Amino acid sequence: MNTLSYILLCMLVRKPCSGYELKQYLTLFWESHHSQIYTTLGKLHEQGYVTVENDATHKQKKIYHLTETGKAIVAEWLVEENKA
């Protein structure tokens, strides 16, 4: 996985978010394009690290939730990064 994948997973630890919300938070400290974020979220979904739910109010809006597998990947990554 690339750094953007880990960052998105870490951001979802706090709370489920839409891709737009993730982009807004990410802009504070990382340069990335919408296309990169949504492509990465799609891959994370395929890998089982996040689930996707359609927003009840806005049909086009998708909310991304971290799975237990995603939480485990974040925990492993944090341990590895702290060893370095």
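Author: A helix (H or I, at least four residues) or a strand (E, at least two) is a DSSP run, and helices and strands are numbered from the N terminus. Buried means under 20% relative accessible area, exposed over 50%, and partly exposed in between, with a 1.4 Å probe and protein chains only. This is a predicted model, in which local features need pLDDT of at least 70, side-chain atom pairs count only at pLDDT 80 or more, and totals for chains, interfaces and linings use all residues. Residues are numbered from 1 along each chain as its sequence is written, and side-chain values use heavy atoms, with hydrogens and water left out.

Reader: Which residues of helix 3 are buried?

Author: An α-helix has 3.6 residues a turn, so residues three or four places apart point the same way. In helix 3 (residues 34-46), the buried residues are Ile 37, Thr 40, Leu 41 and Leu 44. Seen down the axis of helix 3, these residues fall within an arc of 105 degrees, so they line one face. The arc is that of the directions from the helix axis to the C-beta atoms. On the other side of helix 3, Ser 35 and Glu 46 are exposed.

Reader: What covers the buried residues of helix 3?

Author: Covering is judged by contact, meaning heavy atoms within 4.5 Å. For helix 3, the cover includes helix 1, helix 2, strand 2 and strand 3. Helix 3 lies across strand 2 and strand 3, and runs at about 110 degrees to strand 2. For such angles, axes are lines fitted to C-alpha atoms, for helices over the stretch in contact, and the angles run from 0 to 180 degrees between N-to-C directions. Just after helix 3, Gly 48 takes a positive phi of about 85 degrees.

Reader: How many residues does helix 4 have, and what span is expected?

Author: The expected span of a helix is 1.5 Å times one less than its number of residues. Helix 4 (residues 68-83) has 16 residues and reaches 23 Å from its first C-alpha to its last, close to the 22 Å expected. Its buried residues are Gly 70, Ile 73 and Val 74. They fall within an arc of 100 degrees seen down the axis of helix 4, so they line one face of the helix. Glu 68, Glu 76, Asn 82 and Lys 83 are exposed on the other side. Helix 1 (3-14) and strand 3 are among the elements that cover the buried residues of helix 4.

Reader: Which residues of helix 2 are buried?

Author: In helix 2 (residues 19-26) they are Gly 19, Leu 22, Lys 23 and Leu 26. They cover an arc of only 100 degrees around the axis, which puts them on the same side of helix 2. They pack against helix 1, strand 1, helix 3 and strand 3.

Reader: In what order do the strands form the sheet?

Author: Two strands pair if DSSP finds at least two bridges between them. Here 3 strands form an open sheet in the order 1-3-2, with antiparallel pairing. Strand 1 (17-18) and strand 2 (50-54) stand at the edges with a single partner strand each, so one side of each has no neighbour in the sheet. Strand 2 pairs with strand 3 (residues 62-66) over 5 bridges, whereas strand 1 pairs with strand 3 over 2 bridges. In strand 3, Tyr 64 is the bridge partner of Val 52, and Leu 66 is that of Val 50.

Reader: Which residue in strand 3 does Ser 18 stand opposite?

Author: Ser 18 stands opposite Ile 63. Ser 18 is buried, with a relative accessible area of 4%, and Ile 63 counts as buried at 12%. Leaving aside neighbours within four places in sequence, Ser 18 is in contact with Lys 61, Lys 62, Ile 63 and Tyr 64. By the same exclusion, Ile 63 touches Pro 16, Cys 17, Ser 18, Thr 51, Val 52, Glu 53 and Asp 55. Ile 63 and Val 74 are 11 residues apart in sequence and 19 Å apart in space, C-alpha to C-alpha.

Reader: How many disulfides does the count come to?

Author: A disulfide is a pair of cysteine sulfur atoms within 2.5 Å. By this rule the count is 0. Cys 10 is in no disulfide, and the nearest cysteine sulfur, that of Cys 17, is 13 Å away. Cys 10 is partly exposed, with a relative accessible area of 26%, whereas Cys 17 is buried at 0%.
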